[in-house]
Amino acid sequence: QQQQQQFVVYFDGENKKSLSRIKKEINDSQFIVLIISQLSLDDFKTAHQRENDYFLQIELIHQRKKEIKLKFVPMGDFRNLDCNDYPREIHKHERSPKAKTIHDIISWIQEEIQKKEKPCYADNIAVEIVDLL
């Protein structure tokens with residue numbers, strides 16, 4: 001019997017893991033913390049024109065959202081996030097599941113972020129994640 005990973009944290013920025021390893025981690029995980037910054041949200045606006053590995057990770061997580069425990073940790077105040085600022089096109093990444101448009105994924109992120117009572121900032125990110133355990 002394969003043991004599932006208990007806890008995985010994904011955040012934007014350069015990731016040294018291979019996409020196949022990331023996909024395996026996502027598929028094997030029971031609990032995922034997804035940290036989102038304004039920088040990553042800005043980058044997602046062009047995911048229909050160029051590959052974005054972090055957006056791909058979010059797409060893969062979205063596919064498993066009903067099977068896992070998922071927590072969003074927005075780095076900043078995104079209460080004014082508007083999914084209409086994002087293209088209603090498919091992610092250009094060759095490994096994208098192409099099941100939802102960029103707009104649809106951002107709309108899902110927006111719904112999840114709006115469930116948070118207060119914004120999270122870099123100085124309290126560790127506290128935020130520990131509170132989720």
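**Ground rules.** I am working with a predicted model, where local features need pLDDT of at least 70, side-chain atom pairs count only at pLDDT 80 or more, and totals for chains, interfaces and linings use all residues. I number residues from 1 along each chain as its sequence is written, and side-chain values use heavy atoms, with hydrogens and water left out.

**Overview.** I counted 5 helices and 3 strands in the protein. Helices here are DSSP runs of H or I with at least four residues, strands are runs of E with at least two, and both are numbered from the N terminus. Reading from the N terminus, I get the order β-α-β-α-α-β-α-α. Of the 133 residues, 46% are buried. For that word I use under 20% relative accessible area, with exposed meaning over 50% and partly exposed in between (1.4 Å probe, protein chains only). The protein exposes about 7,900 Å², and carbon and sulfur atoms supply 46% of that area; the areas come from the Shrake-Rupley method with a 1.4 Å probe, and for residues only the protein chains shown count as cover.

I also checked contacts, meaning heavy atoms within 4.5 Å. Among those between residues at least 6 apart in sequence, 76% join residues at least 24 apart.

Lys98 is partly exposed, with a relative accessible area of 40%. Asp77 lies in the loop between β3 and α4 too, and at 37% relative accessibility Asp77 counts as partly exposed.

**Helix α3.** How many residues of α3 are buried? I got 9 of the 11, so α3 is largely enclosed by the rest of the structure. Among them are Tyr54, Leu56, Gln57, Glu59 and His62. Asn52 caps the N-terminal end of α3, with a side-chain oxygen 3.1 Å from the backbone nitrogen of Tyr54.

I then followed His62, which sits in α3 (residues 53-63). His62 counts as buried because its relative accessibility is 11%. Not counting residues up to four places away in sequence, His62 touches Lys100, Ile105 and Trp108.

**Aromatic rings.** I found 3 aromatic pairs in the structure. Rings of Phe, Tyr and Trp (its six-membered ring) pair if their centres lie within 6.5 Å; planes under 30 degrees apart are stacked, over 60 edge-to-face, and the rest tilted. Phe44 and Phe55 form an edge-to-face pair, 5.0 Å centre to centre with 65° between the planes. Phe44 is in α2 (residues 38-44) and Phe55 in α3, so this pair ties together parts that are 11 residues apart in sequence. Both Phe44 and Phe55 are buried.

Phe72 and Trp108 are edge-to-face as well, at 5.1 Å centre to centre and 80° between the planes. Here strand β3 (residues 69-75) holds Phe72 and helix α4 (residues 102-114) holds Trp108, so the pair ties together parts 36 residues apart in sequence. Phe72 and Trp108 are both buried.

I also saw Phe44, Tyr54 and Phe55 linked into a cluster by ring pairs.

**Nonpolar core.** Which residues touch the most other members of the largest nonpolar core? Among its 28 residues, I found Ile36, Ile58, Ile106 and Ile109. Such a core is a set of buried Ala, Val, Leu, Ile, Met, Phe, Trp, Tyr and Cys residues joined through side-chain atoms within 4.5 Å. α1 (19-28), β2 (31-37), α2, α3, β3 and α4 each supply at least two residues of this core. Leaving aside neighbours within four places in sequence, Ile109 is in contact with Ile36, Ile58, Phe72 and Leu81.

**His103.** Is His103 buried or exposed? His103, found in helix α4, counts as buried at 8% relative accessibility. Beyond its neighbours within four places in sequence, I found His103 in contact with Cys83, Asn84, Tyr86, Pro87 and Arg88.

Technical notes
A polar contact is a pair of N or O atoms within 3.5 Å; within protein, one must be able to donate a hydrogen and the other to accept it, and residues adjacent in sequence count only if both atoms are side-chain atoms.
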